[in-house]
Amino acid sequence: MSNLNIYLPPFTPDYSGCSSALYELGGMIILHDASGCTGNVLGYDEPRWESASTSRAMVFCSAYRHLEAVLGQDDKVIDRIVEAANSLKPRFIALVGSPVPMLVGTDYVGMAREIEARTSIASFGFDTKGLEFYDNGYMKATIALLRRYARKLPTVRRSINLLGLTPIDFGYRGNDRAILSLLEENRIAVNCSFSMNFTLEEIGTAGQAELNVALSEAGVEVALYMMKEFGIPFISTVPYSDGKRFIEDIENAFLGRTAEREVEIYNFDRRFLIIGEQVSSNALRREIEIRSGIRTDVAILFSHRPELLRKGDYSFVQEKDIRNLVNSGMYTDVVADPLIKQLILRDDVAFHENASVAVSSKFHWDEVRTLVGQEMEDFISEMV
Amino acid sequence: MKCSCAEFPRTLHYESPAHGGWGLVRMAGLVPDVYMLFYTPAACGRHSSLGAYQNGIKDKVSYLFLSEEEIVSGSYEKQLVPAVDELLSALPKRPRCLLFFGGCIDDFLSTDYDALGSELAQRYPDIKFRFCHMNPIQLDSKNPPGITLFTNIYSMLEKREKRRQISFLGNNNVLDPESEIYTLLKLHGIEYRSLPDSKDFDTFLEMGSSSLNLVLSPRCLQSARKQQEELGIPYMPFLPCYDPDLIETFYRNFNERLEMISGRRIVFDTSEYRSRAEAELRETAEHLGSRRIAIDFQATVRPVTLARTLLRYGFNVSLLAVDAVSPFEKESFEYLRENYPELEVVNPLHHDAPKYEYRCFGDSLCIGFDCGYMVGSEHIADLQEDNGFFGFAGITKLMAMLREAHDNSSDVNSIIREAKLVI
């Protein structure tokens with residue numbers, strides 16, 4: 001019974017990732033659901049919502065009801081959306097899916113087309129289902145934005161796009177600003193910082209980047225799309241501490257060189273397990289291994305790219321797998337969200353808290369670490 | 001919109017950061033020795049799971065995540081019994097009852113509850129199993145999730161010999177111990193039971209011995225009717241309010257019902273309680289002076305009636321934030337329409353809510369933090385679903401809360417966080 005979660009909460013779902021990708025752009029986001037899915041997004045997956053009264057964000061619930069689903073009354077939902085859009089004049093309209101509309105075979109794209117025809121406002125439909133992780137919804141939303149607003153432009157040297165930068169993976173305590181400052185200090189221009197601190201207009205310039213930097217697995221999916229459509233190469237990594245290695249990776253990529261190199265493992269007294277998102281966990285592993293020579297494995301909680309797995313990594317991990325891994329005796333140190341700690345039954349495993357919004361939501365989102373700077377330097381130094 | 005022409009059309013819903021309340025998981029968590037197993041798509045369980053963490057009851061809740069293939073093929077049904085086996089073997093203590101929760105999609109899947117229930121009852125005869133629904137998709141029906149939850153919970157009661165005892169149905173909080181209702185019960189020598197008062201499952205089951213159910217929430221009316229039919233327990237509805245007239249009438253009727261149970265003729269003189277409560281109302285109105293008052297629908301089960309009461313006692317009620325007018329508030333609403341047609345009414349769920357046009361009410365004293373957030377007030381009386389306030393003593397408690405909120409400022413975001421809202 002691998003799908004039984006006794007201790008951990010379900011993780012951030014696809015529709016929350018979709019909403020997160022669109023949140024700052026001045027559009028109207030409608031969760032096509034009865035109430036609970038909107039509650040997930042706004043209550044637990046969107047730290048920026050607390051300041052909704054000042055940001056004037058427009059996220060709604062379609063208030064879907066049983067009879068509407070049974071009778072296929074999509075027209076009533078469309079009417080409600082059109083009425084709200086006419087009053088609020090959003091930059092765009094996004095209809096975001098949930099389990100019941102999935103079950104009754106809702107045609108989101110068709111509904112979006114009708115909404116756009118009636119309002120003359122750019123409209124999107126996303127077939128998110130509440131069955132996948134946030135990265136999947138993020139990818140769908142960001143690619144839809146690129147399809148609509150971006151085109152291939154002449155390349156601007158030393159310019160990049162950031163992909164996969166959301167509060168779900170990076171919190172809301174300033175990681176976006178810290179990464180942008182680091183790049184600016186190193187004279188690397190950012191065309192568009194998907195999906196924090198960006199505008200619809202900036203999406204239009206994304207096609208001129210020399211390089212895409214995917215900061216999360218969700219970003220990798222978008223980077224693959226941009227490579228195919230615009231021929232923009234990409235790397236996937238995250239800056240830690242002083243960010244030198246991150247900048248080095250980008251500079252190498254500008255020169256067409258790969259930055260990957262074997263790390264020597266020489267400290268066999270300890271072994272780390274990082275549990276979390278794939279790209280940031282891989283980058284943290286590199287920091288740990290380079291600094292300490294301690295073998296570090298990664299267990300991925302959400303979606304993963306097979307090519308980013310290293311031998312010994314774990315994908316598709318469920319709660320039971322995590323329980324087995326952390327209590328297996330293989331690992332002396334575990335780095336993970338604070339809620340994972342309850343699964344460790346052994347006294348000889350050191351636990352290092354690394355909060356993830358996708359796991360513990362508001363309970364620890366104030367503790368999401370700033371990756372660039374002394375806070376992260378101290379965290380890594382203390383661990384190793 | 002003005003009260004005289006207030007309407008509540010169906011719109012997209014705006015769920016502000018202040019939206020939410022007890023939620024199913026927290027209400028079900030009131031049952032002693034309960035365990036909850038949600039069988040839903042993973043996403044559906046996130047808010048209830050985190051809500052359970054928030055309220056310290058996550059050790060009573062687990063989740064069986066359904067995949068798309070299992071939903072489409074119906075094979076999830078075969079997983080439920082093994083999931084219970086695995087769950088019970090992992091739990092440190094065996095629960096006395098296990099509540100299953102399907103999500104909105106369960107309404108479309110025709111889960112065979114009877115077959116599952118019989119199989120589980122055979123395997124685990126010491127545990128009561130019930131199938132509940134976390135299905136807000138039915139919010140506009142006769143069986144929304146809150147009602148079916150309590151109908152399921154109280155269906156665990158068995159017919160027992162009646163005692164000199166009554167039950168309160170629908171109070172999520174223990175009723176305020178300072179309420180005069182306890183004095184009246186004592187005069188009759190009648191005990192009381194309620195869900196939040198139940199220290200263990202056996203105490204909860206004793207509610208089956210009650211001679212009267214006092215129904216304090218519309219969520220429990222359906223269950224009260226069923227209990228009357230099946231367990232022979234009559235019921236009497238009385239939704240908490242702060243109107244001295246209504247409270248006095250209630251006590252008169254309630255006393256008559258209690259006399260039938262106790263066989264004692266009791267003269268319950270409420271005049272002293274009433275005059276004290278009315279003095280509090282008048283003094284507080286004077287203390288607040290011209291301070292505008294806003295009332296929201298998450299604060300009390302009868303916000304419209306509260307507005308009427310406060311207006312009658314001289315408060316400057318200026319904004320009523322409700323998403324609808326319940327049938328039991330129609331009379332109060334008509335009174336307001338007739339006597340205070342200029343009173344501003346706003347639906348906080350309306351799609352125009354994010355325009356925040358009601359910021360001009362920012363200096364109001366807000367009863368409930370939902371309207372506090374909406375208008376941006378720093379003066380908030382943190383009343384949620386009446387806080388267990390009851391009777392004349394409830395008026396006194398509320399008035400103290402209003403004076404406190406008037407004299408002091410507070411941060412609405414902190415209040416929202418501390419409220420541990422579940423959606």
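This is a predicted model: local features need pLDDT of at least 70, side-chain atom pairs count only at pLDDT 80 or more; totals for chains, interfaces and linings use all residues.
Student: Understood. How many bridges are there between β1 and β2 of chain B, and in what sense do they pair?

Tutor: Strand β1(B), residues 34–40, pairs with β2(B) in the parallel sense, over five bridges. One residue pair to look at is Thr40(B), whose bridge partner in β2(B) is Phe65(B). On the way from β1(B) to β2(B) the chain passes through α2(B), and this β-α-β crossover is right-handed.

Student: And what holds paired strands together in general?

Tutor: Strands of a sheet pair through backbone hydrogen bonds, in either a parallel or an antiparallel arrangement.

Student: Are the residues of β2(B) buried or exposed?

Tutor: Five of its five residues are buried, so β2(B) is largely enclosed by the rest of the structure. Val61(B), Tyr63(B) and Phe65(B) point one way from the strand, while Ser62(B) and Leu64(B) point the other way.

Student: Which strand of chain A pairs with β2(B)?

Tutor: That is β1 of chain A, residues 4–5, which pairs with β2(B) in the antiparallel sense over two bridges. Leu4(A) has Leu64(B) as its bridge partner, and Asn5(A) stands opposite Tyr63(B).

Student: How many residues are in contact between chain A and chain B overall?

Tutor: The contact involves 48 residues of chain A and 51 of chain B. On the chain B side, α2 (42–54), β2 (61–65) and α4 (76–90) each supply at least two residues. The largest share comes from α2(B), with nine residues.

Student: How does that side of chain B divide into nonpolar, polar and charged residues?

Tutor: There are 27 nonpolar, 16 polar and eight charged residues on the side of chain B that touches chain A.

Student: Staying with chain B, into which domains is it divided?

Tutor: Domain 1 covers 3–13 + 277–418, domain 2 covers 31–154 and domain 3 covers 165–262. The C-alpha centres of domains 2 and 3 of chain B lie 29 Å apart. Ten residues of domain 2 are in contact with twelve residues of domain 3. On the domain 2 side, helix α6(B), residues 145–154, gives the most, with five residues. That side consists of six nonpolar, two polar and two charged residues.

Student: Changing topic: what is the strand order in the open sheet of four strands in chain A?

Tutor: The order is β7-β6-β8-β9, with parallel pairing. β7(A), residues 189–193, and β9(A), residues 234–236, stand at the edges with a single partner strand each, so one side of each has no neighbour in the sheet. From one strand to the next, the twist averages 25 degrees.

Student: How many bridges join β8 to β9 there?

Tutor: Three bridges join β8(A), residues 211–214, to β9(A). Within this pairing, Asn212(A) has Phe234(A) as its bridge partner. Helix α13(A), residues 244–254, packs on the sheet and touches β6, β8 and β9 of chain A. The direction of α13(A) makes about 150 degrees with that of β8(A).

Student: Finally, where does Arg369(A) lie?

Tutor: Arg369(A) lies in the loop between α16 (357–360) and α17 (374–383) of chain A. Excluding residues up to four places away in sequence, Arg369(A) touches Asn354(A), Glu375(A), Met376(A) and Phe379(A).

Student: Why does Arg369(A) count as partly exposed?

Tutor: Arg369(A) counts as partly exposed because it has 19 C-beta neighbours inside 10 Å, whereas a buried residue needs 20 or more.

Technical notes
Residues are numbered from 1 along each chain as its sequence is written. Chains are lettered from A and ligands numbered from 1 in the order in which they are written. A residue is buried if 20 or more other C-beta atoms lie within 10 Å of its own, exposed if 12 or fewer, and partly exposed in between; C-beta atoms are placed from the backbone. Two residues are in contact if their C-beta atoms, placed from the backbone, lie within 7 Å. Ala, Val, Leu, Ile, Met, Phe, Trp, Tyr, Cys and Pro count as nonpolar, Asp, Glu, Lys and Arg as charged, and the others, Gly among them, as polar. Two strands pair if DSSP finds at least two bridges between them. Axes are lines fitted to C-alpha atoms, for helices over the stretch in contact, and angles run from 0 to 180 degrees between N-to-C directions. Domain bounds come from an automatic or database domain assignment. A crossover is right-handed if, with the strands pointing away from the viewer, the path from the first strand over the helix to the second runs clockwise.
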